[in-house]
Amino acid sequence: MHYRVELPHTDFKIPPVSAQCRGFDPRAFRWALTMRLAVEEINNSKDLLPNHTLGYKIFDSCATPVTAQRAVLAVLNGEDSRENTMCSGTSPLLAIIGESGSSQSIVVSRTLQPFRIPMISYFSTCSCLSDRTQFPTFFRVVPSDDYQVKAVAQLLKYFGWTWIGVVTEDHDYGRFALQGLKKEIENTDICLAYHEMIPKDYTTERVLEILEVMRSSTARVVIVFSGEGEFYPFLKEFRKQNITGIQWIASEAWVSASVLAETYPFLDGTIGFAVRKGHVPDLRDYLMTVDPWPGNTQLPPCTGHEIIKEQHSAYMNTTSPRVAYNVYKGVYAIAQSLHNLIQCTPGHGPFFNASCADINNIHPWQLQHYLQEVSFFISEEKVNFDMKGDSIPSYDLINWQRDANGEIQFVSVGLYDGAKGAGNELIIDKETIMLVSVCSDSCPPGSRKAVRPGEPLCCFDCVPCDSGKISNETDSIDCMSCPEDFWSDAEGTHCIPKVVEFLSHDAMGVTLTVIAVVGACLTISVLAVFLYHRNTPIVRVNNSELSFFILLSLTLCFLCALVFIGEPTDWSCMLRHTAFSITFSLCISCILGKTLVVLAAFTATRPGNNIMKWLGPRQQRVIIFSCTLVQVIICAAWLIAAPPFPSRNTQYQRSKIILECSVGSDLAFWCVLGYIGLLACLCFVLAFLARKLPGNFNEAKFITFSMLIFCAVWLAFVPAYVSSPGKFTVAVEIFAILASSFGLLLCLFAPKCYIILVKPEKNTKNHLMGKEK
């Protein structure tokens, strides 16, 4: 009922005083009263041991083997535990409930072995106690550490904790637990960074050395195999050193210790395996009303109305009894075995060759035999022992969490059932677990964990999810890609619909629309001026019909730019490139015809040259029609074989869906542009040859300039078209159409309009032929 023994100072001058127990343990006191409750229930039962009364005596081992041995010798010797030089007699002892610590149980069991007195431990888990050759009379209602270390090893694998530290108490419990854990992890990728042992004789210097190892180590997962009493003063010094970031894994010896949980907040997030909880009827009411020391007149009995202070909460913690339930089961196991022994019929039972017990002369070894075979149910749980005296291996996985009021709660987040097949023993509800960040802080949603090279898996960096990927969970291992039509938001936690982009009626689209309409209107205005002055020499020169064709085709060139603005559809995609190519081919063909007429007109003045008869109006129409027809045939083949179509480009800019017109056939697209370029180059060469012909109005010069501008625009268009992203690709193509159209309009018709509107006196045949002086 105490945590530790304070050894007296020894100077070898005077006899040392007796060791003093220190650190009252309210939890152990609750266990003792649970045993008392179970005995009283059995004594009041009409079905179990009827007409028989169980007696008991409680001794305090102070969680120390030496004190435990003194207690067991006292109970064997007689009525009290005073140190006597001679034994006073024998005791009617049949069985012992105890001990909680494995080291104490080892001493007690070995002391009882010559007398063949059975003992049932409710909390000693050392695997060494399963050795029937050393401890033939030892039983326990708690699983062996063989199963606990298996459960811990599986827990480490589950969370990927491969770099760990271990702290144990300096007793058999800690040593055998460490030995078992090393055996479980020796063929895995789990590595032991250090192992430190809390000294039996507690010294601050040694504890500080241990804490310095923990502080300097990169292992942030620490497993502690220690009793509550040994661990408590160690944690007191740990708190002073301000070491943080430790993920504690508790052994069953302290994982349900509410005193530790309430005293040391840095233990929040601790996880470990606890013995399965059960139900002890009316335990809380019993603890509230029982007089623990009957006959003591100095202490008033409890009324049940006292205020339970915080420091007493460990005593009153009966919401999920675990060790107390084991005590309860142990008492009932002894009572059931006694009942079977007393009620047996000679020749029947587990040892039918042995005679049944005489109620007045029951021997402990008889009870031991019946304990080995006992099997009964309590709180819907079957209680029995295997050939090693162990019970069914089963644990609850406990996680220490704070509730909304700041109170510590032991939350069950899983279980381990050793009776199941290999690989299926551990079940974890990961959603309910709250762990301490191990080495690194948790990665928030929108990021993923990236393990640091050369460091354990628990050490990682938080890397933001790449664009187009999200993570909506904490500590996500990887980021999920968004569906094709979705993209990640700025935080990287949700997929949102991608922005759909095309050249619409935004600022850029409106600007290009206005320019195209202005160009078309300006062209129509020039056409109106020419129609009004169609009988003047400057209009009639070089075939006015060609000028009208050029102005009409230029108007169409300006207007075809409007087809490129707006969301692409099947019809708009086919119309864009075909309308553009045919109208420009018509325009350049007309200019080519005009260039041929200009060149032929001045050449025809030479004697004997009758070339003009081959370039009359009819022949000019044939040239225009033929040149345009070639482009029409190319476009028709294009539309039949692989027509342009609307497409959703999600590769150029992953965050956007670019609606564009796919050309269908790159060969056809470049053939269309190449043919227009061929006509322009031919026209440029012919106009260049006629640039020095006589006359005040040599139209070849203006055709040369217009073709120079046209070719420059379209040569610049090619690299700009290839490198422009998204809607700017369409904008570049519209700009090329408008720029080349304005170049043709201004170079070919601005000089004529100037003469018609500003200098009408020059609009004469003689002036145009250069014959005026």
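What follows is a chat about the fold and some local features of this predicted model.

Me: How many helices and strands are in the chain?
Reply: There are 21 helices and 24 strands. Keep in mind that this is a predicted model.

Me: And what share of the residues is buried?
Reply: Of the 773 residues in the chain, 49% are buried.

Me: Which share of the contacts joins residues at least 24 apart?
Reply: That comes to 66%, counting contacts between residues at least 6 apart in sequence.

Me: OK, on to α6. What span should that helix have, and what does the model give?
Reply: Helix α6 runs over residues 204-216, which is 13 residues, so at 1.5 Å a residue it should span 18 Å. The C-alpha atoms at its ends are 18 Å apart, so the two agree.

Me: Which residues of α6 are buried?
Reply: Val 207, Ile 210, Leu 211 and Met 214. Looking down the axis of α6, the buried residues fall within an arc of 95 degrees, so they line one face of the helix.

Me: What's on the other side of α6?
Reply: Glu 205 and Ser 216 are there, and they are exposed.

Me: And what covers the buried residues?
Reply: The cover for α6 includes the strands β6 (163-169), β7 (191-198), β8 (221-225) and β9 (247-250), along with helix α7 (228-240).

Me: Which residue has phi near 65 degrees?
Reply: Asn 51, and that is a positive value in a residue other than glycine. Asn 51 is in the loop between α1 (26-43) and α2 (65-77).

Me: Is Asn 51 buried or exposed?
Reply: Exposed, because its relative accessibility is 83% and the cut-off for exposed is over 50%.

Me: What about Arg 116, what is its phi?
Reply: Near 55 degrees, again a positive value in a residue other than glycine. Arg 116 sits in the loop between α3 and β4 (119-121), and at 40% relative accessibility it counts as partly exposed.

Me: Last one: where is Leu 586?
Reply: Leu 586 is in helix α16, residues 570-603. Its relative accessible area is 23%, so Leu 586 is partly exposed; buried would need a value under 20%.

Me: What does Leu 586 touch?
Reply: Leaving out residues up to four places away in sequence, Leu 586 touches Ser 553, Ile 624 and Thr 628.

Me: And how far apart are Leu 586 and Phe 549?
Reply: They are 37 residues apart in sequence, and 8.3 Å apart in space, C-alpha to C-alpha.

How values were computed: Residues are numbered from 1 along each chain as its sequence is written. This is a predicted model: local features need pLDDT of at least 70, side-chain atom pairs count only at pLDDT 80 or more; totals for chains, interfaces and linings use all residues. Side-chain values use heavy atoms; hydrogens and water are left out. Helices (H or I, at least four residues) and strands (E, at least two) are DSSP runs, numbered from the N terminus. The expected span of a helix is 1.5 Å times one less than its number of residues. Buried means under 20% relative accessible area, exposed over 50%, partly exposed in between (1.4 Å probe, protein chains only). The arc is that of the directions from the helix axis to the C-beta atoms. Contact means heavy atoms within 4.5 Å.
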